[in-house]
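Hello,

Here is the structure I promised to pass on to you.

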Amino acid sequence: MDSLGYLLAALTPYHVALAIGGVVAGTVVGSLPGLTATMAVAVLIPITFSMQPASALILMGAIYTGAIYGGAYAAILLNTPGTPSAIATTFDGYPMAKRGDGDLAITLACIASVCGGLVGALFLLFLAPPLANVALSFGPVEYFWLAILGLTLISALSQGNLLKGLIGACFGLLLSCIGVAEISADVRLTFDSQTLLGGIETVSALIGLYCIPVLIDLVATPDRHLKVENVSRGYRLHEALGISWRNKFNLARSSVLGTLVGILPGAGGSIAGLVAYSEARRSSKQQGSFGHGAPEGVQATESANNATVGGGFIPTLVLGIPGTPPDAVILGALLIQGVRTGPNLFTEHGSIVYVFIWGLLIATVLMLPIGLLIGRYAYRSIVTVPKALLVPTVAFMTLIGTYAIRNSVSDVAIMIILGVLGWVLGRFGFSASPIVLGLILGSIAEQGFVQGWIIGAAAENLWGEFFGRPISVGIFAFILLSLFSPLLLSRFRVKREMARAD
Amino acid sequence: MLTTVKRVILAPLTAALMLLSAGAIAEYPEKAISYVIPFGPGGESDITARHQQPFFKKKFGKDLVVSYKPGGGGAVGWAQLNDMPGDGYNIMGVNLPHIIVKPLQKDVGFKTNDLAVIYMFHYTPDAVVVTTDSQFKTLQDLIDHAKKNPGKVTFSGSGKGTANHLAQVTFDKLAGTKTTYVAFKGTGASVTALLGNQVMGQWGYTSVGAKHSDKVRLLAVAMEQRHPRFPDVPTFKELGFDIVSGAYRGIAVPNSTPEDIRAKLSSLIDQINADAEFKKKMENDGFALVNVDYKGMQAFMEEKRKGYVAAAKEAGVIK
Amino acid sequence: MPTELQSRDTGGMIVAAIFILIGVLALWDTFDYTDADSFVFPRTVAGSMIVFCIALIAWSLVRPIDVESRGAESTPRRVGLVTAMLIAAVLMPYTGFLLSGLLAFAAIVWLAMYDPWTRGRLIVYPLVGSAIVLGFYFLFTKVLLVPLPTGRLFIG
């Protein structure tokens with residue numbers, strides 16, 4: 001069958017209906033804090049038993065991509081990433097919503113998500129087998145340096161006081177150690193408490209640190225949650241398209257970065273968003289506006305995290321190695337159906353893979369109208385619902401959502417306590433984002449370092465292990481660039497101004 | 001006074017409950033059973049439970065509803081198992097060596113004997129895995145290389161105190177080699193490290209060989225007999241090393257569950273294991289079925305405990 | 001209007017001191033680990049945290065910071081919100097999720113209410129609130145198959 005045939009097979013009413021249903025369900029699930037794409041896909045597994053593999057993949061792919069986009073709503077409107085992938089969306093999305101541009105931010109997020117999703121899916125369509133090797137080229141040391149690159153964002157996120165940002169990040173890194181250690185199985189920092197044994201679950205920590213402080217402040221004053229203009233401005237699609245066109249390079253770069261990070265099995269949507277955000281900020285002419293409602297920040301994250309969907313499928317389908325956590329579930333569902341992944345899948349089972357990829361592309365395109373529509377509804381309801389109903393609804397959502405992640409009451413208690421802690425620390429100038437950064441990157445950094453050290457020591461070449469591998473050196477160069485480019489740039493600017501003054 | 005009142009109220013209640021449970025055996029299961037996996041979705045514990053799901057529905061007409069309670073390498077789920085209602089409709093997956101080794105390391109909220117394990121339905125045998133382009137063609141190649149270069153042969157594996165790790169320690173002892181074990185988070189990450197040539201080999205499972213059959217070669221499997229999926233791969237026993245090990249998976253119930261329901265559930269799982277199609281699917285994925293039912297559980301656990309504890313002490317994961 | 005004035009960052013120093021304590025506790029905990037792999041990272045991090053905290057305290061002693069004064073805000077309502085949520089979390093295993101969720105919802109409606117209670121609101125808010133709680137409860141238990149706690153008190 002040629003590619004037109006595959007496209008037509010993906011365009012059957014049944015498949016289009018699956019794509020629409022998947023995107024709608026995914027967007028709703030993603031917008032609820034605590035419900036992640038992984039969970040949405042896992043719930044679907046029994047349903048997919050009775051489906052053809054290609055149809056099952058289309059449904060799961062559509063839910064997955066919808067959920068990653070839906071995570072932006074809560075990030076923009078409530079400062080709470082609906083899924084971990086949307087962490088960096090809060091950095092600029094929420095400030096935009098605060099000043100009354102929430103509708104614009106959501107439309108921008110939708111456009112960016114579609115762009116990212118398309119780029120990721122196109123890479124999957126055309127370059128999957130060669131790109132899959134990226135997944136294998138990243139060893140422990142590369143992950144270690146990637147985590148450190150992510151940590152360089154601290155300086156951007158600590159809002160004025162770098163020392164406080166560093167302290168917060170260390171605290172977050174320590175939080176990531178709590179519980180039974182993932183690889184060494186030691187019980188750490190629980191102080192014999194059963195509640196802490198399972199560790200701090202990332203999503204519940206995100207909900208606590210980001211959402212609870214917002215609720216605490218909402219309840220304290222009669223002011224409205226978000227600033228609203230009285231005139232209805234519709235979708236602001238025209239304005240958003242204009243901004244997107246002006247930032248086309250940002251969108252393209254973030255989408256490619258998102259695809260590449262998506263391919264890496266040890267990283268995921270959250271890392272993709274953070275790396276793209278960091279790069280967008282570094283290469284921007286107005287670094288100062290980042291963190292205060294820069295549209296570029298929202299665009300970078302949202303395009304990157306949706307690009308991980310297509311990117312993550314690359315190693316999943318080619319190597320049988322899941323690129324992201326939802327991919328692990330999808331891979332399991334395929335295994336149970338008796339579908340063997342591998343390079344053969346592309347050559348011998350094209351009717352499964354290519355129909356699925358076209359289906360994913362169709363679902364991504366459909367996300368534009370569907371996302372705009374649901375996004376507008378979400379914005380309207382958050383803005384118009386009276387405070388006395390908004391606060392309890394969001395509070396209830398945090399409770400039920402946190403519980404649902406691991407079916408654990410301990411996580412709910414930890415979420416609330418971290419929320420109070422986040423609020424108190426915020427009062428003293430310690431912002432939540434460095435803590436979150438530490439928490440997310442902690443286990444990647446630790447495992448990468450320990451494994452790299454053991455391998456390096458076994459080969460009696462520690463220096464070569466950490467500084468001698470080409471990709472490590474590349475990432476290391478980026479770390480230096482992110483750390484010192486603000487300094488160099490400002491010196492360059494001073495020189496130029498002096499030259500101009502002469 | 002109070003106690004009499006209590007007794008007056010409680011006596012009929014207990015009687016009613018007993019009647020209820022007696023009625024329950026007749027047609028157990030009457031409704032869907034909640035099957036909690038103490039790990040995240042997508043892992044082998046999930047996948048094997050998902051394999052059982054359709055067969056359970058087909059044979060007994062009721063659903064197995066899989067949900068997840070990950071955390072602490074399974075400890076969070078197991079610590080809460082006995083708080084669940086013991087009505088036969090709440091069951092949980094258990095894994096060996098986890099439930100034996102973990103409680104010996106530190107207080108993790110449960111003891112091995114607290115868990116009412118009613119069936120062990122399969123195990124994933126340990127195996128030494130290398131990539132197809134590896135310099136090691138046979139296990140002997142690897143041993144020779146390791147003897148010449150002590151400490152330089154690196155193996156990836158899933159976690160510490162796990163089946164992989166304990167097998168590596170046992171093997172080093174039996175073969176008189178010194179190799180380096182690099183623990184990764186889960187089998188998925190450890191396979192990725194192998195395929196990316198970050199390490200020279202992997203202490204993995206037969207399921208790795210099945211899943212990545214085009215890219216990896218098994219040098220030996222830790223089974224009594226050769227695995228039907230890999231008729232050309234020798235067992236460690238054939239090569240002179242007494243290693244039969246792997247990760248066992250089974251099902252436990254809250255310890256308040258009545259004996260008759262435990263026995264009944266055990267026979268239900270047994271019927272799934274006896275299904276030829278189920279067996280074929282599981283073996284095709286590299287798993288090996290075992291049929292340890294409720295009656296034989298105590299003896300089985302006792303035997304496994306001895307082996308695991310000895311290896312874990314050797315590995316230094318328990319004092 | 002928030003006005004700005006300069007003052008010593010006493011709050012920041014106190015927080016830094018608490019973090020030093022946390023760091024020391026963490027360091028002390030690391031001496032308990034059986035595996036060499038598991039203490040390298042937490043020790044490094046806890047050590048760095050202590051160093052950064054000491055630097056922050058030293059810095060704060062010499063440099064004043066800008067302090068914003070805040071408008072009228074209600075601390076009792078804040079405390080109430082957190083308490084209501086914590087009570088809901090603690091009660092959950094005993095009363096079941098539905099009941100504790102409804103109670104928390106009702107309490108927070110009352111806490112977040114700044115408008116007068118008209119008769120219309122008295123009727124509409126409880127109805128809408130129950131609908132939201134029940135709706136989510138149904139979505140989570142029946143569609144997403146989340147085993148929400150049903151409550152030990154009622155099962156016996």
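Predicted model: local features only at pLDDT ≥ 70, side-chain atom pairs only at ≥ 80, totals over all residues.

**Chain A and chain C**

Let me begin with how these two chains meet. On the chain A side, 64 residues are in contact with chain C, and 65 residues of chain C take part in return. Together they bury about 5600 Å², and carbon and sulfur atoms account for 82% of that area.

What about charged pairs? There are 2 salt bridges between chain A and chain C. Polar contacts link 11 residue pairs between chain A and chain C, counting pairs with both residues at pLDDT 80 or more.

Which parts of chain A supply the side that touches chain C? At least two residues each come from α3 (37–48), α8 (162–177), β2 (187–188), α9 (202–220), α17 (387–406), α18 (409–427) and α19 (432–458). The one that gives the most is α17(A), with 15 residues. Sorted by class, this side of chain A holds 48 nonpolar, 9 polar and 7 charged residues.

**Chain B and chain C**

Chain C also meets chain B. Here 6 residues of chain B are in contact with 6 residues of chain C. The buried area between chain B and chain C is about 620 Å², with 50% of it from carbon and sulfur atoms.

How many salt bridges join chain B and chain C? The count is 1. You will see a salt bridge between the side chains of C:D37 and B:K160, at 2.7 Å from N to O. The side of chain B that touches chain C is made up of 2 nonpolar, 1 polar and 3 charged residues.

**A patch on chain C**

C:W110, C:W117, C:L122, C:I123, C:V124, C:L127 and C:V128 make up a nonpolar surface patch of about 710 Å². Which helix gives this patch its largest share? It is α5 of chain C (residues 119–143), which contributes 5 residues. C:L122 is a handy place to start, as this residue lies in helix α5 of chain C.

Enjoy looking around!

Best wishes

Key. Residues numbered from 1 in each chain as written. Chains lettered and ligands numbered in written order. Heavy atoms only, no water. Contact = heavy atoms within 4.5 Å. Buried area = accessible area lost by both parts, 1.4 Å probe. Salt bridge = Lys/Arg side-chain N within 4 Å of Asp/Glu carboxyl O. Polar contact = N/O pair within 3.5 Å; in protein donor to acceptor, adjacent residues only side chain to side chain. Helix = DSSP H or I, 4+ residues; strand = E, 2+ residues; numbered from the N terminus. Nonpolar A, V, L, I, M, F, W, Y, C, P; charged D, E, K, R; others polar. Patch = residues over 30% accessible without salt bridge, like charges linked within 9 Å, V, L, I, M, F, W, Y side chains within 5 Å. Areas by Shrake-Rupley, 256 points an atom, 1.4 Å probe, with all protein chains shown as cover.
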